[in-house]
Amino acid sequence: RYRICIDNKYVKGRCNFTIAHEVGHIILGHFHNYNLDEKKTHALLDKHANAFASALLMPEHILTKFDYSSSIHSTAKIFGVSIEALTIRVNYINAV
């Protein structure tokens with residue numbers, strides 16, 4: 001059983017991403033399969049959890065249907081994420 005606690009002083013988009021990130025750690029088995037005391041391991045697992053959160057909140061097959069170049073602010077609001085998270089996801093999708 002897990003409990004995710006966040007500081008809701010942050011904007012909604014950041015809170016959504018943080019929750020999805022932590023869910024990613026749980027679903028990907030990071031708390032059972034790895035030594036979280038090692039900094040390299042921890043950084044790698046955070047990258048995995050970020051990728052999980054990005055794909056969960058901004059699925060590629062839906063995101064690519066949006067013209068986010070005209071209004072990144074409104075697109076971020078539609079997906080419930082920060083502009084930073086949206087920008088990183090769009091750049092990743094365009095690089096692949």
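## S54 and its contacts

Leaving aside neighbours within four places in sequence, S54 is in contact with F17, P59 and R89. The structure discussed here is a predicted model, and S54 has its place in helix α3 of that model. With a relative accessibility of 9%, S54 counts as buried, because the cut-off for that class is under 20% relative accessible area.

## Overall architecture

The protein chain holds six helices and zero strands, so that, read from the N terminus on, its elements run α-α-α-α-α-α. Along the principal axes, the C-alpha trace spans about 45 × 35 × 20 Å. When contacts between residues at least 6 apart in sequence are considered, 48% of them join residues at least 24 apart.

Of the 96 residues in the protein chain, 30% count as buried. The accessible surface of the chain comes to about 6900 Å², and carbon and sulfur atoms account for 55% of that area.

## The largest nonpolar core

The largest nonpolar core comprises 14 residues, of which L57, M58, L63, V81 and L86 touch the most other members. At least two residues of this core are supplied by each of the helices α1 (12-27), α3 (39-57), α5 (72-79) and α6 (83-95), and the largest share, four residues, comes from α6.

One of the residues that touch the most other members of the core is L86. If residues up to four places away in sequence are not counted, L86 touches M58, L63, I72, T75, A76 and V81; among these, M58, L63 and V81 also belong to the group of core residues that touch the most other members.

## The aromatic pair

The count of aromatic pairs in the model comes to one. The pair is formed by F66 and F79, whose ring centres are 5.0 Å apart and whose planes stand at 65°, so the arrangement is edge-to-face; the angle places the pair in that class because planes over 60 degrees apart count as edge-to-face. Since F66 lies in the loop between α4 (60-63) and α5, while F79 lies in helix α5, the pair ties together parts that are 13 residues apart in sequence.

The two partners belong to separate accessibility classes: F66, at 30% relative accessibility, counts as partly exposed, whereas F79 is buried, with a relative accessible area of 12%.

G24 is found in helix α1, where it is buried with a relative accessible area of 0%. Between the C-alpha atoms of G24 and S70, which are 46 residues apart along the chain, the separation is 30 Å.

G80, by contrast, has its place in the loop between α5 and α6, and at 16% relative accessibility it too counts as buried. Not counting residues up to four places away in sequence, G80 touches K12, G13 and N16. The C-alpha atoms of G80 and L63, which are 17 residues apart along the chain, are separated by 12 Å.

Notes: Residues numbered from 1 in each chain as written. Predicted model: local features only at pLDDT ≥ 70, side-chain atom pairs only at ≥ 80, totals over all residues. Heavy atoms only, no water. Core = buried A, V, L, I, M, F, W, Y, C linked by side-chain atoms within 4.5 Å. Buried < 20%, exposed > 50% of the residue type's maximum accessible area, 1.4 Å probe, protein only. Contact = heavy atoms within 4.5 Å. Areas by Shrake-Rupley, 256 points an atom, 1.4 Å probe, with all protein chains shown as cover. Phe/Tyr/Trp six-rings, centres within 6.5 Å; stacked < 30°, edge-to-face > 60°.
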